[in-house]
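Reader: I am new to this structure. Please walk me through how its parts pack together.

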Amino acid sequence: MPAALLLAKLTVYAAASLTNVLPQIDAAPQYSFGGSNTLAAQIQLGAPADVFASANTALPLQLYQKGLCTQPVVFTRNTLVLIIPKSNPAGIHSVYDLQKPGVKLDVAAVGVPVGSYTRQILKNMALTSVLNNVVSNETDVREVLAKVALGEADAGFVYSTDAKTVPGQVTVLKLPAWAQPKVQYGICVVKSSPNAAAAQAFVKKVLSKAGQAKLLAAGFLPRVKPKTAP
Amino acid sequence: MIRRVPVLAAALAALAFLALPIVAIFARLSWGNLAHELSSSLVTDALVVSLKTTVVAQVLVLVFGTPAAYVLATHRFRGRSLVVTLVELPIVLPPAVAGIGLLAAFGRFGLLHTSLPFTQAAVVLAVVFVSGPLYVRQAIAAFEAVDETLVAASRTLGARPMKTFFRVVVPLARGGLGAGEALAFARGLGEFGATIMFAGSLQGVTQTLPLAVYAEFDVDFHTALALGGLLVLVSAVLLVTLKWLASSSTSAFRFALSTSS
């Protein structure tokens, strides 16, 4: 193996919602954040990723089944929230207000994990009609966050952890637990990685007590649902 | 003469490099499914949005850009070079910066407090902003190259300024104007970054062909390729048409083309 490759930094492809927290767990790697679906497509086309951290388990599982990465493990979980700009231009006080005509609702595209979670939760709440108010299908969750935080969109669906990164700019409306989709994050080592050992070590770090503590501090949920009810 | 070999090799390498991605798109297309892939509503909607917004944007570029370029080409005033630089700036600006700038200016909480974001008008504005300067820049050069004695002759023969402009200046500058417009058209059709930031991406409303290529990239790579091929063809047809319009000339002043285009 050429020495240059061994010296190369570890490259981690990770869901946009992990933008703030992963560098806190390990500042060393090179990160490429984006929609998990875009990252998965890039890995399939031979992108030089060593680790893939996705906002769902379906995409890494697809790569695993194609022999492109190791069997994914769940490393954290998340919940979906509705955010509105602090100025609340459309006067939205609950998810049901999204039905009002003319509301500018921003969501992620269908293929993006948060985009499909959004459609799932709306389906669970029998609110799919609000999709008629969608003004844009964004490529990742942070685009939705940015457009709502800017006040250009009246409301958007993001993870609760994203909303925490722009305190003071958005109001968070919680969505009922019974309607929440199962938001599990999967991580795997890319098979073609020349840094397999370092990649494994990175995964271990994310799964470690310290790594999990950072995720919890950022608002993510423990990777395994606590068995006993609080 | 031996020096010509490396020059030729470099030229060939450059050509091959530029042509390869275009060839690759068509080489990787699955021709059997092409009709099926291109008949989806995603593709036809994107094509309609792209053509509509590009045409409106280019009409605006011509209507506002031509007089602006003429004024800048024929008037010398303090701060002129600063104005010209300002006009040219969007050409070198990263599209993402253009998107941020448009939001800061026309966003709901921007300077002008408009409700333009997420509308088709926003797509048009983004296209005008990034493509207009290409036309204006070329138009300034074209107008500057027009022989002033011919303009003066037209005026002394009694033609009004407007008539002189449309019957003498524009025909003389046509080569440069056409070339500039061809560039602006092509750039506008390919506009991506400013559009996705300022106008968003919604099928049938703001999702242009380039945005559809991006949206399909991770959904269905083959549809993305088919869309890419379509965009190459549409761009090529437009470019060739505009070049042909600019150069097919029965004008006696054809010599002017070579100096201005």
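Reader: At what angle do the axes of helix α3 and helix α4 of chain A cross, and how is that arrangement described?
Author: This is a predicted model. Helix α3 (residues 36-44) and helix α4 (residues 58-65) of chain A have axes that come within 10 Å. The axes cross at roughly 10 degrees. Angles under 35 degrees count as roughly parallel, so α3(A) is to α4(A) roughly parallel.

Reader: Which residues of α4(A) make the contact with α3(A)?
Author: From α3(A) come A:Ser36, A:Asn37, A:Ala40 and A:Ile43. The residues of this contact divide into 4 nonpolar, 3 polar and no charged. On the α4(A) side stand A:Leu59, A:Gln62 and A:Leu63.

Reader: Which strands stand at the edges of the open sheet of chain A?
Author: The sheet has 5 strands in the order β2-β1-β3-β10-β4, with mixed pairing. Its twist averages 20 degrees from one strand to the next. Two strands have a single partner each, so one side of each is left without a neighbour in the sheet: β2 (30-34) and β4 (73-78) of chain A.

Reader: What is the bridge partner of A:Val73 in β10(A)?
Author: β4(A) pairs with strand β10 (residues 183-189) of chain A in the antiparallel sense, over 5 bridges. For A:Val73, the bridge partner in β10(A) is A:Ile187.

Reader: Which strands does α4(A) touch?
Author: α4(A) packs on the sheet. Its direction makes about 30 degrees with that of β10(A). The strands touched are β3 (51-54) and β10 of chain A.

Terms used:
Residues are numbered from 1 along each chain as its sequence is written. Chains are lettered from A and ligands numbered from 1 in the order in which they are written. This is a predicted model: local features need pLDDT of at least 70, side-chain atom pairs count only at pLDDT 80 or more; totals for chains, interfaces and linings use all residues. Axes are lines fitted to C-alpha atoms, for helices over the stretch in contact, and angles run from 0 to 180 degrees between N-to-C directions. Helices (H or I, at least four residues) and strands (E, at least two) are DSSP runs, numbered from the N terminus. Angles under 35 degrees count as roughly parallel, over 145 as roughly antiparallel, 65 to 115 as roughly perpendicular and the rest as oblique. Two residues are in contact if their C-beta atoms, placed from the backbone, lie within 7 Å. Ala, Val, Leu, Ile, Met, Phe, Trp, Tyr, Cys and Pro count as nonpolar, Asp, Glu, Lys and Arg as charged, and the others, Gly among them, as polar. Two strands pair if DSSP finds at least two bridges between them.
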